[in-house]
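Please look at the sequence and the structure before reading on.

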Amino acid sequence: MKKVVKFGGSSLASAEQFQKAGSIIRAEKSRKYVVPSAPGKRFDGDIKVTDMLYDCYETAISGKNFDQKLGKIKERYDEIIAGLHLNLSLEKEFAQIHDYFEKGAGNNYAASRGEYLNGIIMAAYLGFEFIDAAEVIFFREDGTFDSEKTNKILSAKLRKTENAVIPGFYGAMTNGTIRTFSRGGSDITGSIVARAAKADLYENWTDVSGFLVTDPRIVKNPEPIETITYRELRELAYMGASVLHDEAIFPVRSEGIPINIRNTNDPSAPGTMIVESTCRKPKYTITGIAGKKGFAAINIEKDRMNTEVGFGRRVLSVFEDNGISFEHIPSGIDTMSVFVHQSDFEEKEQKVLAGIRRAVSPDYLDMESDLALIAVVGRGMRSTRGTAGRIFSALAHADINIRMIDQGSSELNIIIGVSNNDFEKAIQAIYDIFVTVRL
């Protein structure tokens, strides 16, 4: 078996955390390739190294002296090196960073150095080869990730390398300029490496024991999810559930490589398996619940709108012309609602409403604001009757008014719209009816 392991910032925030990661890697010879993040927070109120680098670089390009701030970053790494008892110096690396900061190398370069330096330390600690991500992960001139070039060159490199550390989060443009993924992009790097290595499993080590059925800030001690499909994960991630960067699934999905979310601080916990498909029945009818606040709904009514060819296109073109994307479009025979992010819509609301009137001449047009959308997701819903009815019942008992309901044709998810004020209460009610009742 061949595994790629990625460790998040909290898993590598200190020498003690490094040692935990090292023990995990050494416990199985199959863990051949390691993708480290930059050091995260060591305690509440601490600052992530990536944020320290951003701040230091901003000071540098403003023309102010940034030596003290860069020195503080170096202290973080020197503390880790000393705690691991390594004969390693990063003097040359920090001298180069200082030089590049003075020359205005860019935010991408500045942010990437956290992973770069942690990668050097991890390679020295494990006795693995260090591979600079800038030499094997590539972006096109327009800044988009070059998947095929990366896979070709990285695959060839890994075939010649038994064990290696590849820093997460960044790669290089065609001219050699450093380019980063979006924040949390080390998850993506791990997935890219797993694909190139043709790994049997991609282990993503973080500070939680896998995915939970819902947000623990809303529901106390929610149940863990044992197995989740890529499609279920996408639905939940889109609605705000975050343990793994949602773009990290694409490289491994193309190769059928499962992802295992594990806890560095509790390595005996099995975590959550993310798979393409499974015949394993879920523990509950639903897999997870996630949601977001801050939506507005534009409600349109017109007699016989369903007979007007192009009615929906003309409505949506108004939003497109104003640079506003929509989230959901529940509709009836003579009604249509468009849900949008309220923050994107507020400044342009009158322009949009006027545009809709000109485009389709509705009989009635109004808006609702301060709405929340909740996604109830689960492959088990397909084979279970009455799922929507149980949701309605749970919300009715909690005295919550449903403002919208939309079920996808795949029967994988149901989207419910409620007032922002009812958001947390609604999630608790749905969790209770499907999970608590079963316990």
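Is Thr150 buried or exposed? Thr150 counts as buried, because its relative accessibility is 0%; buried means under 20% relative accessible area, exposed over 50% and partly exposed in between, with a 1.4 Å probe and protein chains only. This is a predicted model, in which local features need pLDDT of at least 70, side-chain atom pairs count only at pLDDT 80 or more, and totals for chains, interfaces and linings use all residues. Residues are numbered from 1 along each chain as its sequence is written, and side-chain values use heavy atoms, with hydrogens and water left out.

**Thr150 and its surroundings**

Thr150 belongs to helix α6 (residues 147–159). Helices (H or I, at least four residues) and strands (E, at least two) are DSSP runs, numbered from the N terminus. Leaving aside residues up to four places away in sequence, Thr150 touches Val136, Ile137, Phe138, Phe145, Ser155 and Ile192, where contact means heavy atoms within 4.5 Å.

**Strand β1**

Strand β1 (residues 3–7) is largely enclosed by the rest of the structure, because five of its five residues are buried. Lys3, Val5 and Phe7 point one way from β1, while Val4 and Lys6 point the other way.

β1 pairs in the parallel sense with strand β7 (residues 201–206) over five bridges; two strands pair if DSSP finds at least two bridges between them. Within β7, Trp205 is the bridge partner of Phe7. Strand β2 (residues 31–36) also pairs with β1 in the parallel sense, over five bridges, and there Val4 stands opposite Tyr33.

A right-handed β-α-β unit is made by β1, helix α1 (residues 15–27) and β2. Right-handed here means that, with the strands pointing away from the viewer, the path from the first strand over the helix to the second runs clockwise.

**Helix packing**

Two packed helices are described by the angle between their axes and the distance between the axes. Axes are lines fitted to C-alpha atoms, for helices over the stretch in contact, and angles run from 0 to 180 degrees between N-to-C directions.

| Helix pair | Angle | Axis distance |
|---|---|---|
| α3 (residues 67–83) and α4 (residues 91–102) | about 150 degrees | 11 Å apart |
| α1 and α3 | roughly 55 degrees | within 8 Å |

The angle makes α3 roughly antiparallel to α4, whereas α1 and α3 are oblique to each other. Angles under 35 degrees count as roughly parallel, over 145 as roughly antiparallel, 65 to 115 as roughly perpendicular and the rest as oblique.

In α1, Ala15, Phe18 and Gln19 meet Glu79, Ile80 and Gly83 of α3.
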